[in-house]
Amino acid sequence: MILAETVKAPFKDASEKLTGYRKRDFMAKVTEDYFDGSARKAETVMGWNRQSVQLGLNERRTGFICVDNYQARGRHKSEQVLPTLEADIRSLVDGQAQADPKMQSTFYI
């Protein structure tokens, strides 16, 4: 089914305003009603992410809502990834490594 731009525009606008499982549920409902439940057709016509549409269809079919784990995203702290980082840096740069421990120089400006 080919939808006119006047029909697609409100669907796209509504999907942009929603987030999380509400957005997936909306996209799944539109996909069921207009694209015979095909996530691939919804992706082609509406430009939506096929995996998100498929997840929404599965959530509607089973009744289980997948929880988004936004806190797990992003870069972890260096201390978590490399727990021995501080000890390794300290072993490389010890207190005696400095050439002039008092930071005294013969050059004056």
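Guide: Let us start with D36, which lies in the loop between α2 (20-34) and α3; helices here are DSSP runs of H or I with at least four residues, numbered from the N terminus. This is a predicted model, in which local features need pLDDT of at least 70. Residues are numbered from 1 along each chain as its sequence is written.

Visitor: Why is D36 called exposed?

Guide: Buried means under 20% relative accessible area, exposed over 50%, and partly exposed in between (1.4 Å probe, protein chains only). D36 has 65% relative accessibility, so D36 counts as exposed.

Visitor: What is the phi of D36?

Guide: Phi of D36 is near 55°, a positive value in a residue other than glycine. Most residues other than glycine have a negative phi.

Visitor: Why are α3 and α4 called oblique to each other?

Guide: Helix α3 (residues 39-46) and helix α4 (residues 50-62) pack at about 135°, with axes 9 Å apart. Angles under 35 degrees count as roughly parallel, over 145 as roughly antiparallel, 65 to 115 as roughly perpendicular, and the rest as oblique. The two helices, α3 and α4, are therefore oblique.

Visitor: Which residues make the nonpolar surface patch of about 580 Å²?

Guide: V81, L82, L85, I89, L92 and V93 make this patch; patch residues have over 30% relative accessible area and no salt bridge, and nonpolar side chains are joined within 5 Å. Helix α6 (residues 85-92) gives the most, with three residues.

Visitor: What makes L85 partly exposed?

Guide: L85, found in helix α6, has 31% relative accessibility and therefore counts as partly exposed.

How values were computed. This is a predicted model: local features need pLDDT of at least 70, side-chain atom pairs count only at pLDDT 80 or more; totals for chains, interfaces and linings use all residues. Side-chain values use heavy atoms; hydrogens and water are left out. Patches are made of residues with over 30% relative accessible area and no salt bridge: like charges are joined within 9 Å, nonpolar side chains (Val, Leu, Ile, Met, Phe, Trp, Tyr) within 5 Å. Accessible areas come from the Shrake-Rupley method with a 1.4 Å probe; for residues, only the protein chains shown count as cover. A salt bridge is a side-chain nitrogen of Lys or Arg within 4 Å of a carboxyl oxygen of Asp or Glu. Axes are lines fitted to C-alpha atoms, for helices over the stretch in contact, and angles run from 0 to 180 degrees between N-to-C directions.
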